[in-house]
Amino acid sequence: MGLAPGTASAAPVNPSDSQISAAEQARQAAAAQVGQVSAALAAAESAAANASAAANIALQDYEDAQAAYDEARAAAAAAAAAAAQAEVELQGGRDDVAAFARDSYMQGSTNAGALALMTSGGPAELLERAALLDAVGEHRVDVVAQLTVLEEQANAADEAAQVSVAQADTLKVEAATLLATAQEQESAARSQAGALAEQQEQYEAGLASAEQTLTALQGQRAAAEAAA
């Protein structure tokens, strides 16, 4: 009685040394790419963090400059109003002095000054009333002089306030420019970090694929050697 021949299983394929070497080189190259992009990503993330901090500082400076500008504008408005009021009061004082002079020295009028002199009871009372009128006139002139000083001070304050507004506006514009630059730098740094993060994912996927290929070849060799 004869025996039926058995079915022989296929022998494992033993990869060549060049195949395994090429797979190892591919794995090393992929690992090097991952290392390089990881270092670049770390640097980009650090730059983005620094840019963000600089942008926050620039924003705070801009807000401070804006607040200073608003305060200068408010002070300028108050100074302008004070100067305008001082001018009105000065003009009123001048008109008061002019009216007093007209009423006191125009003959044939019914002004209080002339009436006071004409209705005096005697020489002594006449002199007393004349001295009083002179004192009142001098007082009004003094008031006008004081109002003139106040107007000059108000005008000087108004001019100083306008200068402060101009300076504050310049600082605000400079702060806005620095803020825009800092925000652009932050945006660019974050974009670069994002691109590097995507590249890192691709390189890590390539490294994983290269490691799988090398592992598979090494497994095939081990199986072939075991079969042999």
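**Briefing: helices, cores and confidence**

Set aside the neighbours within four places in sequence, and Ala-79 is in contact (heavy atoms within 4.5 Å) with Ala-154, Ala-157, Asp-158 and Ala-161. This is a predicted model, where local features need pLDDT of at least 70, side-chain atom pairs count only at pLDDT 80 or more, and totals for chains, interfaces and linings use all residues. Residues are numbered from 1 along each chain as its sequence is written, and side-chain values use heavy atoms, with hydrogens and water left out.

**Cores**
- Ala-79 also belongs to the largest nonpolar core, seven residues that include Tyr-69, Val-165 and Ala-168. Such a core is a set of buried Ala, Val, Leu, Ile, Met, Phe, Trp, Tyr and Cys residues joined through side-chain atoms within 4.5 Å.
- H1 and H3 each bring at least two residues to this core, and H1 gives the most, with four.
- A second, separate core has five residues, among them Leu-41, Ala-44, Ala-193 and Leu-196.

**Glu-186**
- You'll find Glu-186 in helix H3, residues 123-227; helices here are DSSP runs (H or I, at least four residues), numbered from the N terminus.
- Glu-186 counts as buried because its relative accessibility is 17%, and buried means under 20% relative accessible area (1.4 Å probe, protein chains only).
- Not counting residues up to four places away in sequence, Glu-186 touches Ala-48, Ala-51, Ser-52 and Ala-55.

**Confidence**
- The mean pLDDT (the predictor's confidence in each residue, from 0 to 100) is 81 for the protein, with 74% of residues at 70 or more.

Key. Buried < 20%, exposed > 50% of the residue type's maximum accessible area, 1.4 Å probe, protein only.
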